[in-house]
Amino acid sequence: MSSHLPAQARGGSDPSHGSGLARFNALSPEAAHAALLHCCGSTRWAQRVAAHRPYPDSGALLAAADEASYDLAQTDLSEALAWEFPPELEPGAPYAALLALRAAHCAYERTFGHAFVIFLDGHTPGEQADQLLAAIRRRMDLELDEERAISADELRRVAQARLADLTHWLTSADGVSAAEFGLFAPVG
């Protein structure tokens, strides 16, 4: 629910491949920008986070990402939300839950004009369907401005998790090299 990165990105770490943060800091500006667009689809957000490299530690990276998230203008938020996709349930979820979730997502997108965004890390796969449906139903009753504020905060939290995934991936033995990372730029 929190990653645009390929599934193989969650491999084990290998110290011989160096720190993921060091590898992120060493990416070219273009590759860093492309990598960051996987975390948050706002061009301005990705440019700001990339421009502040090198980061001395992951806390500094996450703080910069938060600051960039809080500074998004409405057009930047709209761009980021347009890149999002509805969260999906884990494989093997009950068919009825999948149908109910699909209908809820469609209603939400018709109402608000973008995919539903929620940070679900920490919830077990069995809890996710209930969490998603309850959150969509609760948020469907909100005014547009209130829902955009909640979506912006959820997007900020999701971007944080994606950044952690990214630095973990760049640390892992099966992560790509800095030169290869540009191949994973989002298409849209």
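In helix α3, the residues W45, A46, R48, V49 and A50 are buried. Buried means under 20% relative accessible area, exposed means over 50%, and partly exposed lies in between, with a 1.4 Å probe and protein chains only. The cover over these α3 residues includes α2, α4 (58-70) and α8 (144-171). Contact here means heavy atoms within 4.5 Å.

A word on the source. This is a predicted model, in which local features need pLDDT of at least 70 and side-chain atom pairs count only at pLDDT 80 or more, while totals for chains, interfaces and linings use all residues. Residues are numbered from 1 along each chain as its sequence is written, and side-chain values use heavy atoms, with hydrogens and water left out.

Now step back to the whole chain. The chain has 8 helices and 0 strands. From the N terminus on, its elements read α-α-α-α-α-α-α-α. Helices (H or I, at least four residues) and strands (E, at least two) are DSSP runs, numbered from the N terminus. The chain has 188 residues, and 46% of them count as buried. Look at contacts with a separation of 6 or more: residues 24 or more positions apart account for 74% of them.

S42 sits in the loop between α2 (29-37) and α3 (43-51). S42 counts as buried because its relative accessibility is 0%. Leaving out residues up to four places away in sequence, S42 touches L37, L72, D76, E79 and A80. A polar atom of the S42 side chain also lies 3.1 Å from the backbone nitrogen of W45. W45 is one of the buried residues of α3.

Next comes a helix pair. Helix α6 (residues 95-112) packs with helix α7 (residues 125-140) at an angle of about 30°, and their axes are 10 Å apart. Axes are lines fitted to C-alpha atoms, for helices over the stretch in contact, and angles run from 0 to 180 degrees between N-to-C directions. The two helices, α6 and α7, are therefore roughly parallel to each other. The cut-offs are these: angles under 35 degrees count as roughly parallel, over 145 as roughly antiparallel, 65 to 115 as roughly perpendicular, and the rest as oblique.

Which residues of α6 and α7 meet? From α6 come A97, A100, L101, A104, H105, A107, Y108, T111 and F112. From α7 come A129, L132, L133, I136, R139 and M140. By class, this contact of α6 with α7 has 12 nonpolar, 2 polar and 1 charged residues. Ala, Val, Leu, Ile, Met, Phe, Trp, Tyr, Cys and Pro count as nonpolar, Asp, Glu, Lys and Arg as charged, and the others, Gly among them, as polar.

Follow the chain past α7. L142 lies in the loop between α7 and α8. Is L142 buried or partly exposed? L142 counts as partly exposed, because its relative accessibility is 21%. Apart from neighbours within four places in sequence, L142 is in contact with F112, E147 and I150. F112 is also one of the α6 residues that meet α7.

Finish in helix α8. R156 has its place there. R156 counts as buried, at 14% relative accessibility. Not counting residues up to four places away in sequence, R156 touches D66, S69 and Y70. R156 and V117 are 39 residues apart in sequence and 10.0 Å apart in space, C-alpha to C-alpha.

T171 is buried, with a relative accessible area of 17%. Its side chain reaches the backbone nitrogen of G20 at 2.5 Å.

Definitions and conventions
A polar contact is a pair of N or O atoms within 3.5 Å; within protein, one must be able to donate a hydrogen and the other to accept it, and residues adjacent in sequence count only if both atoms are side-chain atoms.
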